Amino acid sequence: DFEAFSQTAGGSAAVDLAVVPMTAGAGGAPGRLREAHGEFLGYADNVQACEANGQQLPQSGSDRNSLVYSGYCSTNPVAAEFRCGVLRPGSHKALVELVEHARRSDGKHTRSVLLKHLDGLRLHAPEGALAEKFHPGLRLATDLRAAAEAFAQGALGSMPYLGVHLRRNDFAVSHKDTTPDAPSAAARINKLVQKHKLEAVFVATDGTQGFKRELRSLVKEALYFFAPDDGAVMQQHKGQEELIVLHTLAKAT
């Protein structure tokens with residue numbers, strides 16, 4: 001977590017190096033690459049090479065050399081340098097080698113590296129031998145699973161329910177044409193609950209409180225969030241809450 005990193009770094013929001021990674025496509029690597037190590041093919045001459053090859057670049061923050069970390073974070077990290085790293089397709093080892101040999105272009109060693117937009121690498125796709133080996137072992141710790149089941153039982157009981165994930169936050173700005181507002185989302189939810197004859201909805205969203213209130217007022221069936229008002233026992237760490245929410249979504253009809 002960024003907040004934990006900032007505390008470890010003495011309250012600083014600075015990182016030595018920020019990297020947006022991409023994989024070499026069918027046409028090969030984007031021009032000349034430098035500082036290759038094994039399956040990490042090297043850095044492109046400029047960060048725009050990643051954008052030209054289909055990777056999305058992070059938004060610039062309000063401060064010089066800063067990058068938007070995520071959503072409503074009050075502080076954005078400032079990167080001493082921002083580079084485009086090219087990996088061999090489908091290689092987890094390439095990502096590890098990028099981090100192990102991370103250097104700035106001036107040759108200085110890096111103590112901190114921020115990787116942005118890793119989802120663009122599709123290394124997490126549920127396919128292949130790696131997924132078959134490890135995905136069955138990816139399950140919640142016993143106490144978190146119990147907390148998730150207690151919340152679902154208390155809020156939703158034994159009735160079937162619709163699970164909905166509504167991404168807002170930075171998507172409301174960077175993908176505003178495809179990110180539904182509350183009336184649009186409510187219309188879709190109402191159609192689905194009617195079609196499947198459901199009487200309850202569980203929504204996971206990073207939307208504002210105003211968005212949640214408007215959504216709840218427009219949905220025709222009972223709507224629940226993972227929130228104290230809906231019976232949730234909030235956890236010490238935000239990541240624990242996210243896992244409980246994912247478990248609740250996974251149990252939806």
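This is a predicted model: local features need pLDDT of at least 70, side-chain atom pairs count only at pLDDT 80 or more; totals for chains, interfaces and linings use all residues.
Residues are numbered from 1 along each chain as its sequence is written, and side-chain values use heavy atoms, with hydrogens and water left out.

The overall composition comes next. The protein chain has 9 helices and 10 strands; helices are DSSP runs of H or I with at least four residues, strands are runs of E with at least two, and both are numbered from the N terminus. Of the 253 residues, 38% are buried. Buried means under 20% relative accessible area, exposed means over 50%, and partly exposed is in between, with a 1.4 Å probe and protein chains only. Among contacts with a separation of 6 or more, 68% are between residues 24 or more positions apart, a contact being heavy atoms within 4.5 Å.

Now the sheet. Five strands form an open, mixed sheet in the order β3-β4-β6-β2-β7, where two strands pair if DSSP finds at least two bridges between them. The edges are β3 (33-34) and β7 (113-115), each with a single partner strand, so one side of each is left without a neighbour in the sheet.

Strand β2, residues 17-23, is mostly covered, with 6 of its 7 residues buried. β6 (82-87) then pairs with β4 (40-44) in the antiparallel sense over 3 bridges, and G42 faces V86 of β6.

What packs against this sheet? In helix α3, residues 92-100, the buried residues are A94, L95, E97 and L98. They span an arc of only 165 degrees around the axis, which puts them on the same side of α3; the arc is taken over the directions from the helix axis to the C-beta atoms. Their cover includes β2, β4, β6 and β7. K93 and E100 are exposed on the face turned away from the buried side.

On to the rings. There are 3 aromatic pairs; rings of Phe, Tyr and Trp (its six-membered ring) pair if their centres lie within 6.5 Å, and planes under 30 degrees apart count as stacked, over 60 as edge-to-face and the rest as tilted. F40 and Y43 have centres 5.1 Å apart and planes at 75 degrees, so that pair is edge-to-face. Both F40 and Y43 are buried. F151 and F226 also have centres 5.1 Å apart and planes at 75 degrees, so they are edge-to-face. F151 is in helix α5 (142-156) and F226 in the loop between β10 (222-224) and α9 (238-250), so the pair ties together parts 75 residues apart in sequence. Ring pairs link F151, F202 and F226 into a cluster.

The charged end of R83 sits over the ring of Y43, 3.8 Å from its centre. The criterion is NZ of Lys or CZ of Arg within 6 Å of the ring centre and within 35 degrees of the ring normal.

Last, backbone angles. E35, in the loop between β3 and β4, has a positive phi of about 65 degrees although it is not a glycine. E35 is partly exposed, at 30% relative accessibility.
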